[in-house]
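Welcome! Please take a moment to look over the sequence and the 3D view below before you try the exercises.

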Amino acid sequence: MTVLLPLSAASFPQGVPEALADVAGSCDLPLTRAVVAYRPVHEIGGVGDRLEDIGMALVLEGAFASAAGAVDLGSGCPKELDLTSELVILDWASETTLNHLRALLRREGDSTGAGCGEGRREAAAYGFRLASGVLRRLGYTPLTRPILLRVGFRDICRDLDLHERTAVRILLGEGGMARAILDAHANALLVATNLRAPDRRLEEGLLGAFPGREVRIRIAPGSREGLVYEVRFPLSLDFPELRNLVREVREGLAYLLARFEPKRFLPVKELLSAFGARDTLARVFPENPSLETATRPLPRAAFSPLGSVH
């Protein structure tokens, strides 16, 4: 029988432990000009979950990874990031690009007096062009997948429920409300509610909106928060699969909105019929036939008693 013991300094001769010491847990690499991927957990004092953010930022001042001053390349909003626990560098911008974006931020910030939002249009547009160029160079990888998912879900929120957060809100009746957000890293749709007990109508709606997908309910003993349902999806192995996943999420949320708020959904449906759905992902990879995806309508089956929520 083999017994595995934890590695320790005592396991090695004198003089060796220094080379095998515990990791320092800090980054000494200057990050200025780095294009990084980040998550809301990395924001220091940030509001998080902002609609225009894409989770991809350019570090403007990165002498210390624990407090890197950056700007999100989707919203043009300033961020202070703590990247000591997880650092994902996607690319490096030139000094000219860095100075130009800094100038845009100073000009738009000074002229509007706003830290973010409407005053950042030019910086946001320039930033997204930079982000699109980086994503095209990198292609579809495990590192770019969450960013691309975030971009696709941002379009869904704009079409179905435009407000300041990256979520689709649905009124369930009798004071119930659900808020659907996409966990791009876990590849799951989280439907947070203000409900204290499982709701059969909502469960039937989720099973009908996402047929064949596993739906789970998160129960935190003693928590004062409402129940959270989790719809799990398989990992997309390439860009066409990701496009189809975004389409499935869009159609599923539209199904829920039509089921629980038909009056509100009617003008949304008419608007989409007239102008079509947003598709920013098509702009990210505009002329690459190998990344085109064959689209087909997904079946929207009625609730089946064979389905269940775990």
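Below are some exercises, each followed by a worked solution.

**Before you start**

This is a predicted model, in which local features need pLDDT of at least 70 and side-chain atom pairs count only at pLDDT 80 or more, while totals for chains, interfaces and linings use all residues. Residues are numbered from 1 along each chain as its sequence is written, and side-chain values use heavy atoms, with hydrogens and water left out.

**Exercise 1. The whole protein**

Find how many helices and strands the protein has, and what share of its residues count as buried.

Solution. 
- Step 1: the secondary structure amounts to seven helices and ten strands. Helices (H or I, at least four residues) and strands (E, at least two) are DSSP runs, numbered from the N terminus.
- Step 2: the protein has 310 residues, and 45% of them count as buried. Buried means under 20% relative accessible area, exposed over 50%, and partly exposed in between, with a 1.4 Å probe and protein chains only.
- Step 3: take the contacts between residues at least 6 apart in sequence; 66% of these join residues at least 24 apart. Contact means heavy atoms within 4.5 Å.

**Exercise 2. Helix H4**

Work out which residues of H4 are buried and what covers them.

Solution. 
- Step 1: locate H4 at residues 200–209. At its start, a side-chain oxygen of Asp-199 comes to within 3.1 Å of the backbone nitrogen of Arg-201.
- Step 2: the buried residues in H4 are Leu-202, Glu-203, Gly-205, Leu-206, Leu-207, Gly-208 and Ala-209.
- Step 3: because seven of the ten residues of H4 are buried, this helix is largely enclosed by the rest of the structure.
- Step 4: the cover over these buried residues includes strands S6, S8 (188–193), S9 (214–218) and S10 (228–232), together with H5.

**Exercise 3. H5 and its two partners**

Describe how H4 packs with H5, and then how H5 packs with H6.

Solution. 
- Step 1: H4 and H5 (residues 239–260) pack at an angle of about 140 degrees, and their axes are 9 Å apart. Axes are lines fitted to C-alpha atoms, for helices over the stretch in contact, and angles run from 0 to 180 degrees between N-to-C directions.
- Step 2: H4 and H5 are therefore oblique to each other. Angles under 35 degrees count as roughly parallel, over 145 as roughly antiparallel, 65 to 115 as roughly perpendicular and the rest as oblique.
- Step 3: on the H4 side the contact is made by Arg-201, Leu-202, Glu-204, Gly-205, Leu-206, Gly-208 and Ala-209, and on the H5 side by Gly-252, Tyr-255, Leu-256, Arg-259 and Phe-260.
- Step 4: H5 and H6 (residues 262–275) pack at about 130 degrees, with axes 6 Å apart. That angle makes H5 oblique to H6.
- Step 5: here the contact is made by Ala-254, Leu-257, Ala-258, Arg-259 and Phe-260 of H5 and by Pro-262, Arg-264 and Phe-265 of H6.

**Exercise 4. Positive phi**

Where do Arg-33 and Glu-174 lie, and how accessible are they?

Solution. 
- Step 1: most residues other than glycine have a negative phi.
- Step 2: Arg-33 has a positive phi, near 85 degrees. Arg-33 lies in the segment before strand S1 (34–37) and counts as partly exposed at 27% relative accessibility.
- Step 3: Glu-174 also has a positive phi, of about 55 degrees. Glu-174 is in the loop between S6 (168–173) and S7 (176–183), and is exposed, with a relative accessible area of 90%.

Technical notes: A polar contact is a pair of N or O atoms within 3.5 Å; within protein, one must be able to donate a hydrogen and the other to accept it, and residues adjacent in sequence count only if both atoms are side-chain atoms.
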